[in-house]
Amino acid sequence: MENKKAIQVQHLTKMYKLYEKPSDRLKESLGLSRKKKYREHYALQDVNFDIEEGECVGIIGTNGSGKSTILKIITGVLSPTEGEVKVNGRISALLELGAGFNMEYTGLENIYLNGTMIGFTEEEIDARLDDILAFADIGDFVHQPVKMYSSGMFVRLAFAVAINIDPEILIVDEALSVGDVFFQAKCYHKFEEFKKQGKTILFVSHDLSSISKYCDKVVLLNKGKMLAEGNPKEMVDMYKQLLVNQEPVKQGAEEAPSSGKETENWRAGFQVNPDTLEYGDKQAEIVDFVVLDSKGRQSNTIEKGSSFSIKMKVRFHETIQQPIMAFTFKNIQGTEITGTNTLFEKAEVKCAEAGKECMVTFSQEMNLQGGEYLLSFGCTGYKAGDFTVFHRLYDACNITVISHKNTVGFYDMNSRVSVEELE
């Protein structure tokens, strides 16, 4: 028996008219101009896909690809220019949390206000009230006006209302990252509960680990157009190519591996931090760096458990005694997680004379937990017998680790587990 379609997106197009000045819009609306006074901007262009009942489907794409626009059309916030969306089931959308809240009302009053807007009777909201209050966990503040809430309390209540109305279709746009780490864990537990219950889920996120872990299939958008749909690993792989301005190549298609040597400037095809903090006298200078994934492609996204390499190119403006090349991973809170250098690894740098360049390659497996990290580089050594920092690049680029399994702490011990029954 064929699965029912929960959502059908057919030839969906959303075009905005961009005017140079407000008077052009006025003239056109009054019919005072025969010339077209606007530029056409397509947020979406002829997008087609279906979501079956019980599927968890992810939508990914670079900024400006149309992800939020498509969600707003599906939820009825926006109207399409062309095409249509067919929805079979009651939707709960976690888009702009708390958008329907009245800041003067108490938390409790807002629960009933939101529930009524979604289409519930007072009796139906009464039946769900205990679950909403337990999930939000804001105590007696529920009787205070929400204008007195901290931002964390506000999103907790908004999320609790949206997630506890028992929808048939759940639409999530980055909302699982609200609140503290314990509340996020509770949100993901609820998300997994929905998935086990066979609910239909449409999930938009920049968190590629969550996309890979939860989604049955993924739709890849770019500049308003749908590039492809398929299994999460394949689509995330194509997305990684988009991030570094490469033409996405589907799995199985011919793809030449990259060694990182094709371009003179590695960073030209790699995302770097424009606000990198650097210091040092530059007797030795880090002139370029790049991260290569297991396929040898320049990438800011590395899959946990896969091999990857970090390359740095150093130019010597003076002859350096015993130069040391290093890299360090920090989490986004600034804690140093791991790192190494040529001294630790007993890799002597011999080409350290004035006018020369050397390339250092660090190759390893990625055992950090899934998440966001910052990568820093350093070149130090000895000058007249004194330890000297020649050049350091702090937070030079971000690295996203995609993980299908996270353990406790910063890195995975890759334990092998056996369980046996004892008589």
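Predicted model: local features only at pLDDT ≥ 70, side-chain atom pairs only at ≥ 80, totals over all residues.
The secondary structure of the protein consists of eight helices and 18 strands; helices (H or I, at least four residues) and strands (E, at least two) are DSSP runs numbered from the N terminus. Taken along the principal axes, the C-alpha atoms fill a box of roughly 80 × 80 × 50 Å. Of the 423 residues, 46% are buried, where buried means under 20% relative accessible area, exposed over 50%, and partly exposed in between, with a 1.4 Å probe and protein chains only. Among the contacts with a separation of 6 or more, 70% are between residues 24 or more positions apart, a contact being heavy atoms within 4.5 Å.

An open sheet of three strands has the order E2-E1-E4, with antiparallel pairing; two strands pair if DSSP finds at least two bridges between them. Strand E2 (38–52) and strand E4 (82–87) each have a single partner strand, so one side of each is left without a neighbour in the sheet. From one strand to the next, the twist averages 20°; axes are lines fitted to C-alpha atoms, for helices over the stretch in contact, and angles run from 0 to 180 degrees between N-to-C directions. Strand E1 (residues 5–19) pairs with E2 in the antiparallel sense over 11 bridges, and Met15 stands opposite Tyr42 in E2.

Two helices pack on this sheet. Helix H1 (residues 22–29) touches E1 and E2, its direction making about 110° with that of E1. H2 touches E1, E2 and E4, and its direction makes about 120° with that of E1. Helix H2 (residues 67–74) is largely enclosed by the rest of the structure, because six of its eight residues are buried. The buried residues are Lys67, Thr69, Ile70, Leu71, Ile73 and Ile74. Just after H2, Gly76 takes a positive phi of about 85°.

Another open sheet of three strands has the order E11-E13-E16, again with antiparallel pairing. Its edge strands are strand E11 (284–292) and E16, each of which pairs on one side only. Neighbouring strands of this sheet are turned by 15° against each other on average, direction ignored. E11 and strand E13 (residues 307–316) run antiparallel and are joined by eight bridges; Leu292 stands opposite Ser309 in E13.

The loop between strand E15 (336–341) and strand E16 (357–365) contains Thr342. With 5% relative accessibility, Thr342 counts as buried. Not counting residues up to four places away in sequence, Thr342 touches Pro323, Ile324, Met325, Ala347, Val349, Val360 and Phe362.

Rolling a probe the size of a water molecule over the atoms shows where empty space is left. A search of the whole structure finds two cavities of 30 Å³ or more. On a 1 Å grid over the protein atoms alone, a cavity is a set of points where a 1.4 Å probe fits but cannot get out, and lining residues have an atom within 4 Å of a point. Grid points are joined across faces, edges and corners, and a volume is the space filled by probe spheres set on the points.

The largest cavity is lined by Ser212, Lys233, Val236, Asp237, Lys240, Glu303, Ile402 and His404. Helix H8 (residues 232–243) gives the most to this lining, with four residues. The lining divides into two nonpolar, two polar and four charged residues; Ala, Val, Leu, Ile, Met, Phe, Trp, Tyr, Cys and Pro count as nonpolar, Asp, Glu, Lys and Arg as charged, and the others, Gly among them, as polar.

The second largest cavity contains about 50 Å³ of space. Its lining comprises Ile111, Gly115, Phe120, Ile125, Arg128, Ile132, Val161 and Ile165. Helix H3 (107–118) and helix H4 (122–136) are the elements that give two or more residues to this lining, and the largest share, three residues, comes from H4. By class, the lining has six nonpolar residues, one polar and one charged.

Arg128 in helix H4 counts as buried at 19% relative accessibility. Beyond residues up to four places away in sequence, Arg128 touches Phe120, Asn164, Ile165 and Asp166.

Terms used. Residues numbered from 1 in each chain as written. Heavy atoms only, no water. 1 Å grid on protein atoms, 1.4 Å probe; cavity = no way out; pocket = protein on both sides within 12 Å on 5 of 7 lines; lining within 4 Å.
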